[in-house]
Amino acid sequence: MLTSSFAYRIAMSSLLPNDRVGTNEPIKIGFLAPLSGDVSSWGLPGLQGCRLWQDRLNKAGGLLVGARRYPVEIVPFDCGYDADRAMTGARHLVQSENVKLLLMLGGDTFSPLRKFLSDNKVLTSTLLPSDLSPDTRYLIAPSEVHPLYNVTGVDWLARNHPEVRKVALCSQTDAHGLPSIATYRAAFEAAGIEVVKEVKYAPEETDVAGIVQPMLDADPQLVCWCTSYTPMVNAMTEYAFNKGYNGKIMSCTLDDYARLVARTSTEFMEGTIFQFPDFDDPELARNTSFLMRPSSFYKEYTTRYPDSWSAVSWEYVAILDIWHAAVEKVASVQPVSVMATMKQMDPVTHTFGPARWWGESVFGIDNALIGDWPVVTLKSGKARIAEFVSIIDWLDKHEALFRHHMAQEGQLWHQRAESGHHAQLTARAAY
């Protein structure tokens, strides 16, 4: 009698013909992202992380598909965050390289590819969940579910620092900033924390005083930079430091925080709350989802690619791990089979533990993966995980509130489609 898992594997494998390539022929994975230019910090660290993943898997014998192992090959194409180059790259990777998974940053580089990738049933991942919609059946956001994970930082703050009752927040008016400020606003309302000042600024804005001083004038106990990019996070934090601000700081990201600590002080930055840990964090030691384990990956990455670690360094690798698990479960690399397996795995294990597919109420499709997310604070100048907080539990209580604030900023999928909103990005990190 067949076990249910084995029967399921046979059924899923038969959805499409199985390509039985020779064991010396690699299974190819496309990496279509900016590797040069102003926003290369969204792509290049990710490619570097993927190369570590590729090397480690191949050293272990390759990808197990059924009873055979195959080498994997990451095939990069530098689109420079240009839509025309992205289309050229997609055609090359899909039609000439026959990639079985396409890793993308997303945004403006995904929009013109939408029909091509859908028509060709290309399993594609994005770091920008705002790309998701009901007509993107083969597009998934299993790693970076921005900005939803930001509710965890506010939830932790409210429980651990109930004395904080007033916040001033800001972010840029682009595809990262608008949903971020909406999410933080919802989270602060759910926590009973009053927003005393809200500043929205243009993505190209450089007048730091014009942004931060009105926030400080509102006498907040917490300033929140939302999802401002690293150059602005650094500049705004330094401005607050120089003005004698002595309250708490919250930010979605805090890439290259050591540089910021050095330019302010350890005491000033103590307790700053953000969402992305270093992977040598002791709290990640029990994590078994990564092929290389978090601490091993972090050590190898920072050794091979010094001074370039950021969230991007591991986010694409996290997607590869989920794909890897699905391939081995279904014994096929065919995109439709792997996609169906990903959606049926219960639970799916993402970077920080068990997770589930979600998103219909905001993105129109349940292709975003949510679970626990770490709340990170600075302790004596070093990032440390304070707690893993459940996004699912927060949504069970406050999803209507979240949807309300997203709608106010025009960030629900049908609102973005009607407005023709595009994802303009600037550098994630200042190297």
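Helices here are DSSP runs of H or I with at least four residues, strands are runs of E with at least two, and both are numbered from the N terminus.

A note on the source: this is a predicted model, where local features need pLDDT of at least 70, side-chain atom pairs count only at pLDDT 80 or more, and totals for chains, interfaces and linings use all residues. Residues are numbered from 1 along each chain as its sequence is written, and side-chain values use heavy atoms, with hydrogens and water left out.

**Helix α15**

I looked up the span of α15 (residues 391-408). It has 18 residues, but its end C-alpha atoms are only 21 Å apart. A straight helix would reach 26 Å at 1.5 Å a residue. The expected span is 1.5 Å times one less than the number of residues.

Where is the kink in α15 centred? I found it at His-398, with an angle of about 80°. The bend is the angle between axes fitted to the seven residues ending at a residue and the seven starting there.

At the start of α15, a side-chain oxygen of Ser-390 comes to within 3.3 Å of the backbone nitrogen of Ile-392. I count a polar contact as N or O atoms within 3.5 Å; within protein, one must be able to donate a hydrogen and the other to accept it, and residues adjacent in sequence count only if both atoms are side-chain atoms.

I also listed buried residues of α15, including Trp-394, Leu-395 and Phe-402. Buried means under 20% relative accessible area, exposed over 50%, and partly exposed in between (1.4 Å probe, protein chains only).

**Core**

A nonpolar core joins buried Ala, Val, Leu, Ile, Met, Phe, Trp, Tyr and Cys residues through side-chain atoms within 4.5 Å. The largest one has 147 residues, and Trp-314 and Trp-323 have the most contacts inside it. Helix α12 (residues 312-330) gives the largest share, 12 residues.

I checked Trp-323 beyond its neighbours within four places in sequence. Its contacts (heavy atoms within 4.5 Å) include Ile-27, Trp-53 and Met-342.

**Ser-310**

Ser-310 sits in the loop between α11 (294-304) and α12. Is Ser-310 buried or exposed? It is buried, because its relative accessible area is 3%. A polar atom of its side chain lies 3.2 Å from the backbone nitrogen of Val-312.

**Sheet**

I traced an open sheet of 5 strands, β4-β1-β5-β6-β7, with parallel pairing. Its edge strands are β4 (72-78) and β7 (139-140). Two strands pair if DSSP finds at least two bridges between them. Strand β1 (residues 27-33) and β4 share 7 bridges. Ile-27 has Val-72 as its bridge partner in β4.
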